Amino acid sequence: HADQMIERLPVGVCGLDEDGRIIYLNRRLASWLGGEPEDFNDGTVELADLIVGDGVNGEVKFKVAGGEPIRCFVTHSINAPGTGPVRSQAVVFPDPMPAHEWEHALAETERRVRWFFDESPLSIVLADMSGTVTDANRAFIVTAGQTHDKVVGRSILELIVPEDRDEVARYLSKAVMGMGKGGQIEARLAGARGVAAQIYLQRVAGRSGEAGALLLNFLDTTEQKNLEEQFAQSQKMQAVGQLAGGVAHDFNNLLTAMIGFCDLLLSRHGPGDPSFADIMQIKQNANRAANLVRQLLAFSRRQTLQPKIINITDALAEMSNLLRRLIGEKIDLKVSHGRDIGLVKVDPGQLDQVIINLVVNARDAMAGEGGTLTVQTSPEIIDEPTATGTEIIPPGDYIGIKVTDTGIGIPKENLTRIFEPFFSTKQRGEGTGLGLSTVYGIVKQTGGFIAVNSEEGKGTTFTIYLPRYEASEQELAETQAVIEETPSRDLTGTGAILLVEDEDAVRTFGARALRSKGYEVLEANNGDNALEVLNNTDKTIDLVISDVVMPGIDGPTLIRMLREQKPELKVIFISGYAEDTYRDELDEENGVHFLPKPFSLKDLATKVKEVL
Ligand SMILES: Nc1ncnc2c1ncn2[C@@H]1O[C@H](COP(=O)(O)OP(=O)(O)OP(=O)(O)O)[C@@H](O)[C@H]1O
Ligand SMILES: [Mg+2]
């Protein structure tokens, strides 16, 4: 039975004696060799005689009587010890394909695999079980910014940035031991490009007796990472802005009162008075605080802007003397104006602030050896959405203002942080870290964009893009008129004023200030109260000065109600906010004006005089 079974097997079988001579050979093997079992099994033929070349194990070629040799695979087994003389048995697995075809097919398969490997858009790396890279495809070489030579023969871990190596090592050893659930890991790749990648590892089982290999796929996630970071960054800026704006608004009210009362005191204690210097000290400090608050408000884009249509070339020309003085003698200033760059609608004071902040930063960056500071304007036409690194500029006509220095530059890791309030690399007391926050806030509130380019040790360029403004003839004429108007000096006046303000300190100071200038002042601490006050008086009110945000009836609502009865009623809104909700209400032609907080006695009196 056993013999019959052996005859029917689809493999060749032969039995050998202890000297390797064939004593048994099945019919199938005999037929492959072009003969009968009897031709081989008379005990005179050795297995080695039937085989081309050396070796009787593994892949071999058998001689064929009257034909091409055939390729086969041979394995040997030995009978169990103690079961008689040592015998061995060879099993021959057939490979019916003639050798040349077989080789051709193999070459073709290899070529295809290679092609697939090299042309795959996915980055693939092969490694042995010890983690040494044996091959890497073109996509990987390009993605990682490496060369083939630098990758092959190295450990996989050397492809990863040092910070991420431990984690990747843990992942690899788990996967190699077959414990990983075939998941993936995120890591950054070493190499010039700083690529972030998701790595998928697979263990490829080897043939019996071989160790197997590791197959790694890398998915480039750099762009996605950048987007995520950008998003997180802009959210952070927004959150910080809201917080800063809230605090600043409250401080604004307090400071308005402090500065106001100082003004009142100063009007009674002139320069000869022993208290004069002390009061001046208080006022100066309060002014400095107000300045900080103003910067915070600017950052949170809640500053009250008073946009005018201006020509940047003129604005810069006017500033260049000031800038020269600011930067000192060791630094060269070059101002270059673009031709026909057009007009912008900005708050001129704020634009000055932006330029000054950038210039002062540039000066500080060149504090050591001096250098060159270039301020350059140019028309910038953006055709398609353009990324600045932190933002995306939509297509449009812009005016570019570039401030370039040859200073120390900004390290890459700081680039995303410099616009945050209170981010400063300067010594304590030398920088508050509000300069660029202010710039950012003003530029954004004006509808513009800002981009930074910097190289450590070489210098930095800040570019501001402001939307180009197409002004009508009439607007142009009006801008001219405003410039030529001269403010009045004599700040006293007459008339009845209703002052509505919920912050007691601000209201008290305002009322006293105005009375001291000769006006008659009625006070109310909110909208409802204002209506009551008006009901109980028979005076004709010439002007209402009102806060905007108040509990109950707010400023704009109150004014709308009053103007229904008296459409020509003059109004000044006072506020620390520039909220779009009441921006529409402002209309100087119709007697609705605006005074930003904090204001001094003089600011208030000048405004009132101007309006009445
Ligand atoms: N032109 C520049 N070159 C090099 N570093 C710069 C430049 N501009 C800004 N920085 C960096 O950005 C940081 C933040 O600037 P920012 O103007 O907001 O604050 P500051 O200058 O430190 O303080 P402040 O402007 O409030 O006095 C600086 O501390 C500096 O590290
Ligand atoms: Mg600064």
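Predicted model: local features only at pLDDT ≥ 70, side-chain atom pairs only at ≥ 80, totals over all residues.

Trainee: What makes the approach of threonine 425 to ligand 1 a polar contact?

Mentor: A polar contact is a pair of N or O atoms within 3.5 Å; within protein, one must be able to donate a hydrogen and the other to accept it, and residues adjacent in sequence count only if both atoms are side-chain atoms. A polar side-chain atom of threonine 425 lies 2.4 Å from an oxygen atom of ligand 1, so the pair falls within the limit. An N or O atom in the side chain of lysine 426 is 2.6 Å from an oxygen atom of the ligand. For glycine 435, a backbone N or O atom is involved, at 3.2 Å from a ligand oxygen.

Trainee: How much of ligand 1 does the protein cover?

Mentor: The protein covers 90% of the 590 Å² of accessible area that ligand 1 has on its own. Such areas come from the Shrake-Rupley method with a 1.4 Å probe, and for residues only the protein chains shown count as cover.

Trainee: Why is the pair of phenylalanine 140 and phenylalanine 218 called tilted?

Mentor: A pair of aromatic rings is described by the distance of the centres and the angle of the planes. Rings of Phe, Tyr and Trp (its six-membered ring) pair if their centres lie within 6.5 Å; planes under 30 degrees apart count as stacked, over 60 as edge-to-face and the rest as tilted. The structure holds 7 aromatic pairs. In the pair you name, the centres are 4.8 Å apart and the planes stand at 50 degrees, so the pair is tilted. Phenylalanine 140 belongs to helix H4 (residues 138-144) and phenylalanine 218 to strand S11 (residues 213-220), 78 residues apart, and the pair thus links distant parts of the chain.

Trainee: How do you know that phenylalanine 140 is buried?

Mentor: Buried means under 20% relative accessible area, exposed over 50%, and partly exposed in between (1.4 Å probe, protein chains only). Phenylalanine 140 has 1% relative accessibility, so it counts as buried. Phenylalanine 218, at 4%, also counts as buried.

Trainee: What makes the pair of tyrosine 398 and tyrosine 465 edge-to-face?

Mentor: The ring centres of tyrosine 398 and tyrosine 465 are 6.2 Å apart and the planes are at 85 degrees, so the pair is edge-to-face. Tyrosine 398 lies in strand S18 (residues 396-405) and tyrosine 465 in strand S20 (residues 459-467), 67 residues apart. Both tyrosines are buried.

Trainee: Which residues have the most contacts inside the largest nonpolar core?

Mentor: That core has 41 residues, and those with the most contacts inside it are Ile312, Leu351, Leu373, Phe419, Phe462 and Ile464. A nonpolar core is a set of buried Ala, Val, Leu, Ile, Met, Phe, Trp, Tyr and Cys residues joined through side-chain atoms within 4.5 Å. Apart from it lies another core, of 25 residues, among them Val125, Ile156, Leu201 and Leu216.

Trainee: Is arginine 563 buried or exposed?

Mentor: Its relative accessible area is 18%, so arginine 563 is buried. Arginine 563 lies in helix H15 (residues 555-565).

Trainee: Why is aspartate 340 called exposed?

Mentor: Aspartate 340 has a relative accessible area of 70%, so it is exposed. This residue is found in the loop between strand S13 (331-336) and strand S14 (343-346).

Trainee: What makes phenylalanine 422 exposed?

Mentor: Phenylalanine 422 has a relative accessible area of 55%, so it is exposed. Its place is in the loop between S18 and H11.

Trainee: How are residues and chains labelled, and which values are used?

Mentor: Residues are numbered from 1 along each chain as its sequence is written, while chains are lettered from A and ligands numbered from 1 in the order in which they are written. Local features need pLDDT of at least 70, side-chain atom pairs count only at pLDDT 80 or more, totals for chains, interfaces and linings use all residues, and side-chain values use heavy atoms, with hydrogens and water left out.

Terms used: Helix = DSSP H or I, 4+ residues; strand = E, 2+ residues; numbered from the N terminus.
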